Amino acid sequence: MAKLRIGYFADGPWSHLAFEKIINDPNLEVVFIVPRSDTMDKTLNNYAEKYSIDYFLCANVNSESSIKKIKSYDCDLLVSMSFNQIFRQEIIDLTPGKIINCHAGKLPFFRGRNVLNWALINDEKEFGITVHYVDAGIDTGDIILQRTFPISDTDNYNSLLQIAYKECANILYDSLQMFVENKVKRIPQKNIHSVGMYCGRRGKGDEIVDWNDTSRNVFNFIRSISDPGPQAQCFYEGEMIKINKAMYIEEAPYYLGKPGQILSKTKDGFLVKTKDSFIEIMEINSKLKVGNVLKSKQV
């Protein structure tokens, strides 16, 4: 059986684990690696040297010169794993198998950017990882394989990230096996939901806690951007406070109070008033006292 010739557009830990599975499969062959053009990732370059695989940058994968070079490898399939450029139709149609992408979101929901953070913010009880065909849209192509993983109240951004690193590699590899065995079946996303949804990129300024929100929302927000994310931030007397962990107290009663006020010290942190009840905050980078009022703006 001829090997499936793959062009690999990749970046980050997800792509490393996937590469290790691909390179050890006798039916698969990576014929080139293209990292992000601004990559700081040395691992893929090291892999390329170790296994004598061509490694090159493409400032624009859709340029005439890039397409000519990629075409020269006569690939069966192009694979995108955490790559950061949009593929246009000419390169999508370059190989018989087209381009497939692994996305850490439950398509057709959670398309777009920072989807693990948004899944936690939205109080989702599970998150998905999807391998899909690349088409002219963003994360809109037909689904090849999708799996879901539960989210509990003990999860945070880091725990979801660790699952995603491992499972993206597994799901991508299993999808490649479907190509080898000619068992790929396309699932149009519209068959799952006619509209779907997109998540926007999170940026500077999106770390601020709103103490006037509900306990559940504040809890979800803090854990959604915990380390290695930027961590939730608020202010006390002009000083920026970082909070890396919070606990939701399901039995906390509803009552009115002063949102942001520290109510009590606990073994590991403090109880803080929210809009509707209170939560416990922990792993704080500053000394605080009972009675302090945390603000969402620097004053």
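**Entry 1. Strand β7**

Why is β7 largely enclosed by the rest of the structure? I looked this up first, and I found that 7 of the 8 residues of β7 are buried, so the strand is largely enclosed by the rest of the structure. I take buried to mean under 20% relative accessible area, exposed to mean over 50%, and partly exposed to mean in between, with a 1.4 Å probe and protein chains only. Helices (H or I, at least four residues) and strands (E, at least two) are DSSP runs, numbered from the N terminus.

I note that this is a predicted model, in which local features need pLDDT of at least 70 and side-chain atom pairs count only at pLDDT 80 or more, while totals for chains, interfaces and linings use all residues. Residues are numbered from 1 along each chain as its sequence is written, and side-chain values use heavy atoms, with hydrogens and water left out.

**Entry 2. The partners of β7**

I then looked up the strands beside β7. Two strands pair if DSSP finds at least two bridges between them. Strand β5 (residues 99–103) pairs with β7 in the antiparallel sense over 4 bridges. Strand β7 (residues 126–133) is joined to β8 by 7 bridges, and these two strands also run antiparallel.

His 103 has Thr 130 in β7 as its bridge partner, and Thr 130 stands opposite Gln 146 in β8. Gly 128 has Thr 148 in β8 as its bridge partner.

I traced the sheet as a whole: it is open, has 7 strands in the order β3-β2-β1-β4-β5-β7-β8, and its pairing is mixed. The edge strands are β3 (54–55) and β8 (143–150), each of which pairs on one side only.

**Entry 3. Strand β14**

Which strands does β14 pair with? I found that strand β11 (residues 239–247) is joined to β14 by 4 bridges and runs antiparallel to it. Strand β13 (residues 269–273) is joined to β14 by 5 bridges, again antiparallel. A hairpin of 4 residues links β13 to β14.

Ile 243 has Ile 284 in β14 as its bridge partner, and Val 272 stands opposite Ile 279 in β14. I also checked burial: 5 of the 7 residues of β14 (residues 278–284) are buried, so this strand is largely enclosed by the rest of the structure.

I turned to helix α7 (residues 215–224), where 9 of the 10 residues are buried, so the helix is largely enclosed by the rest of the structure. Among the buried residues are Arg 216, Phe 219, Asn 220, Phe 221 and Arg 223. The buried residues of α7 pack against α5 (115–121), α6 (157–180), β10 (232–236), β11 and β14. Contact means heavy atoms within 4.5 Å.

Where does Asp 123 lie? I found Asp 123 in the loop between α5 and β7. At 24% relative accessibility, Asp 123 counts as partly exposed. Leaving aside its neighbours within four places in sequence, Asp 123 is in contact with Arg 216, Asn 220 and Arg 223. The C-alpha atoms of Asp 123 and Gly 205 are separated by 21 Å, and these residues are 82 apart along the chain.

**Entry 4. Cysteines**

How many disulfides does the structure hold? I counted 0 disulfides, taking a disulfide as a pair of cysteine sulfur atoms within 2.5 Å. Cys 199 is in no disulfide, and the nearest cysteine sulfur, that of Cys 168, is 15 Å away. Cys 199 counts as buried at 9% relative accessibility, and Cys 234 counts as buried at 0%.

**Entry 5. The whole chain**

The chain has 7 helices and 14 strands. Its C-alpha atoms fill a box of roughly 70 × 40 × 30 Å, taken along the principal axes. Of its 299 residues, 51% count as buried. Of the contacts in the chain with a separation of 6 or more, 66% come from residues 24 or more positions apart.
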